Structures are given as structure tokens and as C-alpha cells.
Amino acid sequence: MPKILSVKQLYAADTATVKKNDISFIDLMEHVGTLCFQWIHDRLQGDPITIQIFCGTGNNGGDGLVIARHLKQYGYNVKTHIINCGNDRSEVFLKNYDRLKEIGVWAEMITCESELPAVSENDMVVDAIFGLGLSRKPENLIKKVIEHINGSNAFVLSIDFPSGLYAEKSVTDTVSVVKAYHTLTFQTPKLAFLLPENRYYTKTWEVLDIGLDAEYIYNAKTDNYLLYKQDIKPMYRFREKFSHKGEFGHAVIIGGSYGKMGAVTLSTKAAISIGSGLVTAHIPQCGYQIIQTSVPEIMVEVDAENEMQKFDININATVIGIGVGMGTHIETVKGFTEFLNKNKVPLVLDADALNIISKNKELLKLVPENSVLTPHPKEFERLVGKWKNDYDKLKKLRSLSKKHKIIIVLKGAYSAIAHEGALFFNSTGNPALSTAGSGDVLTGIITGLIAQNYHPFEAAKMGVYLHGKTSELAMKTKVYETFIASDIIDYLSSAIMDLLMKEPKVVPQKEAESKNDKKAKPDEGTEMYI
Ligand SMILES: NC(=O)C1=CN([C@@H]2O[C@H](COP(=O)(O)OP(=O)(O)OC[C@H]3O[C@@H](n4cnc5c(N)ncnc54)[C@H](OP(=O)(O)O)[C@@H]3O)[C@@H](O)[C@H]2O)[C@@H](O)CC1
Ligand SMILES: Nc1ncnc2c1ncn2[C@@H]1O[C@H](COP(=O)(O)OP(=O)(O)O)[C@@H](O)[C@H]1O
Ligand SMILES: [K+]
């Protein structure tokens, strides 16, 4: 599972790599800079645009100089600038400065504002000012350079980090951070890229495998992970020939109120669609016909006329998903409290179930261990109060989940799943999911997975992953705006199929050519897992 390592661990990984391979740091930097150059060259293919490389005087700047040298040697139109960041210059920066001179290139020094180079919106900017080593907010001349880059409208590629963005703490001066289009970050994903407060500093990012010591990374301890397909795929359970619906559990969804029956409709439909053997909706009477007609596959139990009051469930439920569209009517609050006092079944709590608990935090003690809570940020704020910044928010998330031995899915662009003090960030999804009812569908998916005996922690990870994946797969025929919550359900099959597909084999060019010129087809290696 891809680990998100700390700055300290990344520096230690450098050291371990250099030692183990008996190479020098300059060799490692050459390798890293060459990979970045290759990334650019693969895309530009010799395009004569102007590439402006801004370098600091640490190792991030050193990477920039390696990139500059290779681009120059390939005939690109490169302008290299060094910003005077103080008296200290890293040893490998200086070595690469000399290497650049050896091929006849003199980098321009920027020592004052009047020396800022003109940058056109047609240029490409490579930002190699600061990376992991940012120790304080950029000020004075460096701030001016960053503002200058941001004001240029050029395509900005940041190396390792958008300069000015800290790896592990919040930015205090939002204008002194480079706003990159893309960031090539090294070896592991970075926590900073997953936080909404940093959304403007890089539109996209990717991890470049720079070959740091695998053993060190394997043994490194962390509480932060990013979930990918390879983490979810092994969880999937195939159905056997003689299986029957009784083996796949009975999910109950409780919720709905007058005017909000769509939420339960979506949740129950999602629960049956993800494979729960049986699904029952426990809803107010006003929703009876609506839900029976909309989802004929499920059963219905009714409560009071217009809102939930009695919570009198007469079913042997495997799991109960509760709260969607439920409202917070005084009688609902009363009934829900009594329900929690009696209930022993694992729960998935969402929406108004969370809003009611937020008003009476004592109720959290009644939530069974390993239940799953799925708040969006506003619901989470109601539960834990305001946070100072996103790092503080994550601290609150870990601590609430640990204290009550529950699993919390804090929803967002990179939904974070908290379990036993660790955070697992989801990598799938896109803004198509920013649509009414998409959280209700998630509740149904997770409830339906738990019904099938997936451990709630597994159900949360798999549910969030598949939910997000539907929105990606749908973009072949839809756009963000036209994708609605029901589409998530419609695309669940595709998301599961995608999970079971083997990744296409990437055949290295030379290998492919040497095999009697038998070219690898683009989809070669794509086959079902079974
Ligand atoms: N394993 C990997 O990932 C590999 C990493 N590599 C690369 O190394 C990079 C890390 O390099 P790094 O340690 O030299 O730090 P870097 O980011 O260049 O900045 C430090 C310099 O900036 C200065 N400085 C800081 N803040 C400042 C401010 N606000 N205003 C002014 N100055 C400020 C600071 O000065 P000081 O704080 O000491 O006064 C120091 O001089 C990493 O991001 C990646 O690009 C690869 O080459 C190899 C494999
Ligand atoms: N930009 C985005 N990228 C990825 N996922 C998103 C994005 N916006 C929303 N989502 C996902 O959509 C869902 C929205 O849930 P929620 O806010 O509870 O919706 P609702 O209350 O309308 O049902 C969450 O699972 C969230 O992670
Ligand atoms: K940078």
C-alpha cells in the first residue's frame, strides 16, 4: 500500500539508498533530474517553446540544474535562473552548477527585483526553487519571484513540491507559494497534496519512482496511506456456484422524511446493487409507494406518518445504515436515542444520524465498535468543532476514531478513512461526484458490503474506492455536470470489473522491439483476473 512518508523519513531513505548502492548523492540527483528531464522530453518531443527554469540554491535547485543541462543537450530553448536564497549553497547544487558551465551554459542570477526575467504565457516554467527543505515562508526577493511566476499564466511544472508549500504544515502566506499546473513529486505521495487547503497550489500531481531504497520504505512506519487498486483488489470475494442470497446478509436502511425519500431510495438501491442478499428500507409511511415503485427488489417497513419516530425494527439485520434524509424532528431525535440504547447491530451512520449525535455527543458512546461514520466536512465539524487547519482536522479525525473504536470516512476529493489511529486516503473520484445524493449512495454501498460480511474497515475502503471509480469510468460518455447520483449505481458493475482487470503490461521499448519486431498491442495483458 503506498505509504505517505514524513520529510525525515524521505531524507533517511536518500541516505539509505546512497549507502546501499554505494553511490554518491550527486549520482542520485543525476538520476532524479534525468527522470524529470525524460518526463518533459516525452511530452515536448523537441518543441521549440521557451523553458524557463527557476532554481533555488539547495538540492531542489540542484535538480533544476540537472534538468536544464539535459534539456540544453537535447537542443531545447532553455533559460536557467538562480535565485539568490542566501549564502548557503548545497554541495551538489554547486557541482551541478559547474557541470552546466562545462557545457557552456551560464545560469542567470536573480539578485534583485529588476532582474526578474520576462515570462510569457506561452513559456513553460520549471519550478525548482524549494522542495522538501522549505524551512520558512518565502519572503522578499523569493516571494517576488514566486508572484512573478504565478502572474505569468505560463504552464508551471513544479519539481517535488510547488515552492513555498510545506510538506507537513500549513501555508501561512498564501501568495508566496507557486501555483503549479503539475507537480512531479519523488518516490511517495505527499500528505500536503491531499488537503483541500492546498487545492490551489497544484492542479495535478504524480509520483515519480526515483528508486529509493525499497527495504527502507518497506520498514518505514507511517500512519498515512494512499489507497490504490492493488490495495482493494485482494479484498474482493468471488461468489461460489452454490451460493444463495441467504449468504449475503440483510442490510437495513433507516431514514427518509417527507420530501426526502430520494435519499433512502438511493441508499437502498446502492445496497442491493453492491450485492447485499436482502435489503429492507425502514421509512416513514409517506415514502411507502415511492420506494416500492422505485426499487422493487427491496422490502419496506413503515414507521410514523411523515418522519421516523419509533425505530421499531422487526428484522434480523446484519447491518443497519441510518440517517439519510431522516431529518432532526424532535420525535426522530427521541426515537433515534432509544434505538441507539437498544441496538447491538453494526451501524453505518450518515447525515442526520450524525447531526443528531453532534447535538448530544454522549450518544457516541452507544455506537457499537467498528461502526462506520461517513461525515462530509460540515457534518464532521458539527461533531468535533472547528479546526485550525487541515492538519488539525486530521488530528481530530484520528483521535475521534481511536477514542470510540469506530471507522470514520471523512468525505472529500481524497476521502480519508480513519481506523485505529491511521488514515487511508482514497485515490479515486472526481468532481462529477459533487452532486446531490452521492453521499447517500456511498452509505448504501458500505452498508451493502458489510451485509456481505466484509469487515467494516474493508467495506469502508472498498466502498469509497468503487464509489469514486464509477465517476472516472463514466467520463468516457458523460461530463462532470451530467453525472448524477443514480449514475454511481449504474456504473458499479464497471467499477468492479475494472477492479478485477489486470493492469496492461508496460513492455519496455527495447524488449518489445527485440522480440522479432512483434509490437506489443496497446491492450496486451489486459485480461480478467479470474
Ligand atoms: N529523496 C528525495 O526525495 C530526493 C530529493 N532530492 C531533491 O532535494 C530536495 C530537498 O533538498 P534540500 O534538502 O536541499 O532542500 P530544498 O528544498 O532545496 O531547500 C533548502 C534550501 O532552501 C533554503 N530555504 C528554505 N526555505 C527558505 C526560505 N523560505 N527562504 C529562503 N531560503 C530557504 C534553505 O536554507 P536554510 O533553511 O538552510 O537557511 C536551503 O538552502 C527535494 O525536494 C528534491 O528536489 C533529489 O535531488 C534527490 C532525492
Ligand atoms: N471533487 C470530488 N472528488 C472526488 N470525490 C468527491 C468530490 N466531490 C464530492 N465527492 C464525493 O462525493 C460524496 C459526496 O457526499 P455528500 O457530501 O455526503 O453528498 P450528499 O449529502 O449530497 O449525499 C463523497 O463521497 C465525496 O467524497
Ligand atoms: K519546487
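Q: Is Phe-311 buried or exposed?
A: In this predicted model, Phe-311 is buried, because its relative accessible area is 4%, below the 20% limit for a buried residue.

Q: Where is Phe-311 in the fold?
A: Phe-311 sits in the loop that runs between strand 11 (299-302) and strand 12 (319-322).

Q: And what is its phi?
A: The phi of Phe-311 is positive, about 50°, although the residue is not a glycine. Most residues other than glycine have a negative phi.

Q: Which other non-glycine residue has a positive phi near 50°?
A: Asp-22 has a positive phi near 50° and is not a glycine either. Asp-22 belongs to the loop between helix 1 (7-20) and helix 2 (25-44).

Q: Buried or exposed, that one? I mean Asp-22.
A: Asp-22 counts as exposed, because its relative accessibility is 70%.

Q: Back to the loop between strand 11 and strand 12. Where does Ala-317 lie, and what does it touch?
A: Ala-317 is also found in the loop between strand 11 and strand 12. Ala-317 is counted as buried because its relative accessibility is 11%. Leaving out residues up to four places away in sequence, Ala-317 touches His-250, Val-252 and Val-345.

Q: How far is Ala-317 from Ser-120?
A: The C-alpha atoms of Ala-317 and Ser-120 are 64 Å apart in space, and the two residues are 197 apart in sequence.

Q: Changing topic: what domains does the chain have?
A: The domain assignment gives domain 1 (7-221) and domain 2 (232-500). Taken over C-alpha atoms, their centres are separated by 42 Å.

Q: How many residues are in contact across the two domains?
A: 14 residues of domain 1 are in contact with seven residues of domain 2.

Q: What does UniProt list for residues 228-499?
A: An unreviewed UniProt entry lists residues 228-499 as "domain: YjeF C-terminal". That span is 42% helix and 14% strand, and its end C-alpha atoms lie 10 Å apart.

Q: On to the metal. What are the protein donors of the potassium ion (ligand 3)?
A: The donors are Asn-60 (OD1), Asp-127 (O), Phe-130 (O), Ile-159 (O), Phe-161 (O) and Ser-163 (OG), and they lie 2.5 to 3.0 Å from the potassium ion.

Q: Why is the arrangement irregular?
A: The six donor atoms subtend angles of 67 to 171° around the potassium ion, which makes the arrangement irregular.

Q: How are the donor residues spaced in sequence?
A: The spacing of the donor residues is N-x66-D-x2-F-x28-I-x1-F-x1-S. Asp-127 is in strand 4 (residues 124-128), while Phe-161 is in the loop between strand 5 (155-159) and strand 6 (180-186), so this pair ties together parts that are 34 residues apart in sequence. Asp-127 and Phe-161 are both buried.

Q: Which residues of helix 12 are buried?
A: Helix 12 (residues 377-384) has Glu-379, Phe-380 and Leu-383 buried. Down the helix axis, the buried residues fall within an arc of 100°, so they line one face of helix 12.

Q: What do the buried residues of helix 12 pack against?
A: They pack against helix 11 (351-359), strand 14 (372-373), helix 13 (390-403) and strand 15 (407-410).

Q: And what follows helix 12?
A: Gly-385 follows helix 12, and its phi is positive, near 85°.

Q: Where does UniProt place the "binding site" feature?
A: The unreviewed UniProt entry places "binding site" at Lys-411, Gly-412, Ala-413, Tyr-414, Ser-415 and Gly-439. These residues span 29 residues in sequence, yet no two of their C-alpha atoms are more than 13.9 Å apart, so they gather at one spot.

Q: Where is Lys-411, and what does it touch?
A: Lys-411 is found in the loop between strand 15 and strand 16 (416-419). Lys-411 counts as buried because its relative accessibility is 15%. Apart from residues up to four places away in sequence, Lys-411 touches Asp-350, Thr-374, Pro-375, His-376, Pro-377, Gly-439 and Leu-442.

Q: Last one: where does Ser-257 lie, and is it buried or exposed?
A: Ser-257 lies in the loop between strand 9 (250-254) and helix 8 (261-273). Ser-257 counts as buried because its relative accessibility is 10%. Not counting residues up to four places away in sequence, Ser-257 touches Pro-284, Cys-286, Asn-306, Glu-307, Gly-325, Met-326 and Gly-327.

Notes. Residues are numbered from 1 along each chain as its sequence is written. Chains are lettered from A and ligands numbered from 1 in the order in which they are written. This is a predicted model: local features need pLDDT of at least 70, side-chain atom pairs count only at pLDDT 80 or more; totals for chains, interfaces and linings use all residues. Side-chain values use heavy atoms; hydrogens and water are left out. Donors are N, O and S atoms within 2.8 Å of the metal (3.2 Å for Na, K and Ca); water is not among the atoms, so sites may look incomplete. Four donors count as tetrahedral if all angles lie between 85 and 135 degrees; four count as square planar and six as octahedral if opposite donors are over 155 degrees apart and all others between 65 and 115; anything else is irregular. Helices (H or I, at least four residues) and strands (E, at least two) are DSSP runs, numbered from the N terminus. Buried means under 20% relative accessible area, exposed over 50%, partly exposed in between (1.4 Å probe, protein chains only). The arc is that of the directions from the helix axis to the C-beta atoms. Contact means heavy atoms within 4.5 Å. UniProt positions are given in the numbering used here, feature names are shortened, and annotations may be inferred rather than shown by experiment. Domain bounds come from an automatic or database domain assignment.
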